[in-house]
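Me: I am new to this structure. Can we walk through it in short questions and answers?

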Amino acid sequence: MSDLAWPPFSILRPEGEELSGERQSDVQTYRLLGLLGAVMVPVFGVLLAAPDPQATDPMWIRLGLSALLVGLVGASYVSDAVRRRVGGWARGACYILMAWYCSVATLNGFAGSYDMGLVLLYGILPFAVATGAQSMRPVWWFLGSGLLAGTAGAAFGPVRAAEALPTVGGLATVACVEGVVIWNQLDARERLERQNDLFRRAQNLANIGAWEYEVSSGEVFWTRQVREIHGLPQGYEPTVEEAVAFYHPEDQPVIQGMIERAIEEEVPFDRELRLGGEALPVGHEQKEGRWVRARGTPQIEAGAVTSVRGTFQDITERKAREHVLEQEQEALRSMYRIAADREAGFEEKARRLIDLGREHLGLPYGFLTRITDETQEIVFASGTHPLLQAGESCPLSRSYCRNTIEEERSLVVQDAVAEGWAGDPAHQTFELGAYVGAQIIVEGELYGTFCFAAEEAREQAFAGRERVFVELMAQWASYELGQRRAKAQLKRQNARLDRFAGLVAHDLRNPLNVATGRLRLAREERAPGEAPEEARSHLAAVDRSLGRMDEIIEDVLTLTWGGQDIGPEELSTHGLAAMAEASWAQVGTDQNGADQNGADKGGTEEATLQLEGACRLRCSADRVRRLLENLFRNAIEHGGDTVTVCVGALSDGFYVADDGAGFPGDDPEAVFEAGYSSSDEGTGLGLSIVESIAKAHGWSLSATQSEAGGARLEVTGVDVEAVGSAHS
């Protein structure tokens, strides 16, 4: 039943209750029916008993029923439990009233007006029973029990059944007709309630409500959802001035102007506005910082605007998301500007990005780390944490970064204690409550981490976009460091090429000049009748110069070729001793002969090769033999014809040592630089070739002094598969 809006009936509606609007309307209806019943029961008793003063109709019972109904209405004002159950109890009162009237009609033999009164009451009460009912069950129970009681009275009462038959027939007719009518009403109401429920759910999901402003009366109507958006009680009905005053002071003229234009110019409106006014009923608080979307359309009748109807939607969450998105976009733009700044160096960019990340994430500490040898070192940092400063270091096992490098994506910790970090060494060391960090990968290898943290736990979990923000910073650092490493490597390669060019230009020019000069002399001195010995000496010198040039070219080609990467298909297992003996024999062949001035170059007849232990290496045999040849040649050239060269096995590689003069200077590692040579006849490429071949295998090469005072070069990082005899 719809709400009773006539002002005198408003006192019957419960106010300020937790009951829904429908239940409040039902309570109001039951109160009205209860009061009407309390009045009508004794009045009709007097009217029915007047024609027949001898009728059995005790007035005290009627007054008792009237008192029951009045008491039920009164109790509904006092008790919440009664208000929630008043519908069921009112139906119970209808059952009692019907049972009593069947009894009175039976005792009076369905005489006089009691038969018609019974049928009339039987026709009225089912509608009261149907009020607020969710199904036909209570109606069928009432109609069935009333018909059964009337039939029993007719069968066992003081009159013959034939005389009571019209009354029973009337009851049956009323039961059939009203049953169908009420069933249709309840079915229609159920469908309507289902639609209303769907509508309410849609309103709740969209956080939207409807409103209407009547132009003639100035009344404002709000749906339940509009009141909830404003944080108002459901019974609150605002005036148009109050409705406008709910908006933010700066937006009040806007909404007022839009309503006036809708009325005067028939212009609809759609605007996003802020709430924040002061038009609130006592005891309620304004929902600050809320955004709403107000839409209105003028309703026109007979050429004039009679009302303005529209919707009112809470868009606070959407505006908050838009604000976050704007902040995210601005942070990304700032990140791009910093990364694209060509005037700034890596250190300046890193510090600016750390400060940007601290501000964007709301975390006080930001730092970039370098991880080497199970140690975390902070390279750049911002914030006041004493342990998170540039230059500070700690074991990796006591840092949050150890977990960061184990994650495929960024590591986030919203609340360290709640997430089980309380006993972790990292938490005990740094006492950080919130943390987010991502890996910095340079050329496929871990360099360090990019991190932000706070001592206090974070109220909100890290959003996916915040994780991506940190990961982008880490990727930028990876790119920048990779570029720096590539530039440094390119610079070294260019310097090396410059040294190669100078070396080749200088060392090739000398023998080329000798060959050219000797050929000129041979032509000039080859006069008719002159002995050919002088010409032959010139040609021999040319031959030696060309040989020298060939050696230089061969060394340069070997240096270039030997440094190329080695594929898995080029690797196989070879014995170190066998490769050393083959290389020694080759050096002996190469060394025999004369230098460019005709002097004997010497050989390996007096030099000695010793093998101490042995191992089998997984390597490219051709390149390793070339490596050993250069080491042997270097030892003979600098240690003399009687030098003793020793080749021995290490746990992860091998060494070549001699008893010669050793390395000149204080830096043995300088001998690996291309062009370095302590001999006028050397190209300075021999040990550079050795280093390039070792690096191509992924090995390490180091130079030091041997036990005999000579040179010792060690090759480590080798895949030593087996150790056997000296000739393995």
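Me: How are helix 3 and helix 5 oriented to each other: roughly parallel or roughly perpendicular?
Reply: This is a predicted model. Helix 3 (residues 80-107) packs with helix 5 (residues 137-156) at an angle of about 15°. Angles under 35 degrees count as roughly parallel. The two helices, helix 3 and helix 5, are therefore roughly parallel.

Me: How far apart are the axes of helix 3 and helix 5?
Reply: In helix 3, the residues that meet helix 5 include R91, Y95 and M98. Among their partners in helix 5 are W141, F142 and G146. The crossing of helix 3 and helix 5 is right-handed. Their axes lie 9 Å apart.

Me: How many residues of helix 4 are buried?
Reply: Helix 4 spans residues 114-130 and has 17 residues. Buried here means under 20% relative accessible area. Helix 4 is mostly covered, and the count of buried residues is 13 of 17.

Me: Which strands stand at the edges of the open sheet?
Reply: The sheet has 6 strands, paired antiparallel, in the order 8-7-6-11-10-9.

Me: What is the bridge partner of R370 in strand 11?
Reply: Strand 6 (residues 365-372) and strand 11 (residues 445-454) run antiparallel. They are joined by 6 bridges. In strand 11, the partner of R370 is G448.

Me: Which helix packs on the sheet?
Reply: This helix touches strand 6, strand 7, strand 10 and strand 11. Its direction makes about 80° with that of strand 7. It covers residues 346-361 and is helix 11.

Terms used
Residues are numbered from 1 along each chain as its sequence is written. This is a predicted model: local features need pLDDT of at least 70, side-chain atom pairs count only at pLDDT 80 or more; totals for chains, interfaces and linings use all residues. Side-chain values use heavy atoms; hydrogens and water are left out. Two strands pair if DSSP finds at least two bridges between them. Helices (H or I, at least four residues) and strands (E, at least two) are DSSP runs, numbered from the N terminus. Contact means heavy atoms within 4.5 Å. Axes are lines fitted to C-alpha atoms, for helices over the stretch in contact, and angles run from 0 to 180 degrees between N-to-C directions. The expected span of a helix is 1.5 Å times one less than its number of residues. Buried means under 20% relative accessible area, exposed over 50%, partly exposed in between (1.4 Å probe, protein chains only). Angles under 35 degrees count as roughly parallel, over 145 as roughly antiparallel, 65 to 115 as roughly perpendicular and the rest as oblique. A crossing is left-handed if the near helix is turned anticlockwise from the far one by less than a right angle, and right-handed if clockwise.
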